[in-house]
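User: I would like to learn how to read a structural model feature by feature. Please take one feature at a time, with the general idea before the case.

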Amino acid sequence: MPKGGRTGRGQSSRQPPWSGWLPVAAAVLAFGAYFNALDNPFVYDDHDTVIGNRSLTDLSNVRFILVYTPFRPLVNASYAFDRWLWGYRPLGYHLTNVLLHVVVVVLLYAWLRRVIEDSGTDVES
């Protein structure tokens, strides 16, 4: 068996039974932290970036969507998707943001676990 009880590509031969629940718990905590924002209305800059955003009215004009806010093209593309999916209902925009936050938390967990395993440290979770 390789050094440290590992079986190839950083896989530990011993995994505690609860180790699969950690990313789920992280996702639930991330969702729970922002759950109360789902019922909120549009506020502050949302009126300019969503409601007053002319690039979201014609979703077939992808170039206009991407260059309308040249420093935030991906954010504006996300708003365009939300506009197509939800119209101007704030719940949808907030739900998209919360779900993206959950995905980032799970990806961060997976990346950190991989970094720790690749460093040769025994990870029990």
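User: What share of the contacts in the protein with a separation of 6 or more comes from residues 24 or more positions apart?

Analyst: Contacts can be sorted by how far apart the two residues sit in the sequence. In this predicted model, residues 24 or more positions apart make up 53% of the contacts with a separation of 6 or more. Two pairs of residues show what sequence distance and spatial distance look like side by side. Val104 and Ala27 are separated by 77 residues in sequence, and their C-alpha atoms are 9.0 Å apart. For Val28 and Val106 the sequence gap is 78 residues and the C-alpha distance is 10.0 Å.

User: Which helices hold Val28 and Val104, and how is the accessibility of Val104 classed?

Analyst: Start with the element, then look at the accessibility. Val28 is placed in helix H1, residues 21-34, and Val104 is in helix H5, residues 90-118. The cut-off for exposed is over 50% relative accessible area. Val104 has 52% relative accessibility, so the residue counts as exposed. Val28 has 55% and is therefore exposed as well.

User: How many helices and strands does the protein have, and what pattern do they follow along the sequence?

Analyst: Count the elements, then read their order. The protein has five helices and zero strands, and the order along the sequence is α-α-α-α-α.

User: What percentage of the residues is buried, and what does the accessible surface come to?

Analyst: These are totals for the whole protein. Of its 125 residues, 24% are buried. The accessible surface is about 8,700 Å², and carbon and sulfur atoms account for 68% of that area.

User: Which residues make a nonpolar surface patch?

Analyst: Leu108, Trp111, Leu112, Val115 and Ile116 make a nonpolar surface patch of about 460 Å². One of the members, Ile116, is in helix H5. The relative accessibility of Ile116 is 37%, between the cut-offs of 20% and 50%, so Ile116 is classed as partly exposed.

User: How many salt bridges are there, and which side chains meet in them?

Analyst: For a salt bridge, read the partners, the distance and the setting in turn. The count is two. In one of them, the side chains of Arg113 and Glu117 meet at 3.2 Å, N to O. In another, Arg114 meets Asp118 at 3.3 Å, N to O.

User: Why are Glu117 and Arg113 separated by about one helical turn?

Analyst: Look at the spacing along the helix. Glu117 and Arg113 are about one helical turn apart because they are four residues apart in helix H5. Arg114 and Asp118 are also in helix H5, and they too are four residues apart, about one turn of the helix.

User: Are Glu117 and Arg113 buried or exposed, and what about Arg114 and Asp118?

Analyst: Compare each value with the cut-offs, under 20% for buried and over 50% for exposed. Glu117 has 8% relative accessibility, so Glu117 counts as buried. Arg113 is buried because its relative accessible area is 17%. Arg114, with 33%, is partly exposed, whereas Asp118, with 52%, is exposed.

User: What is the volume of the largest pocket, and which residues line it?

Analyst: The largest pocket has a volume of about 170 Å³. Its lining consists of Leu74, Val75, Ser78, Tyr79, Asn97 and Leu100. Helix H4 (73-86) and H5 are the elements that give two or more residues to this lining. H4 provides the largest share, four residues.

Note on methods
Residues numbered from 1 in each chain as written. Predicted model: local features only at pLDDT ≥ 70, side-chain atom pairs only at ≥ 80, totals over all residues. Heavy atoms only, no water. Buried < 20%, exposed > 50% of the residue type's maximum accessible area, 1.4 Å probe, protein only. Contact = heavy atoms within 4.5 Å. Areas by Shrake-Rupley, 256 points an atom, 1.4 Å probe, with all protein chains shown as cover. Patch = residues over 30% accessible without salt bridge, like charges linked within 9 Å, V, L, I, M, F, W, Y side chains within 5 Å. Salt bridge = Lys/Arg side-chain N within 4 Å of Asp/Glu carboxyl O. 1 Å grid on protein atoms, 1.4 Å probe; cavity = no way out; pocket = protein on both sides within 12 Å on 5 of 7 lines; lining within 4 Å. Points joined across faces, edges and corners; volume = space filled by probe spheres on them.
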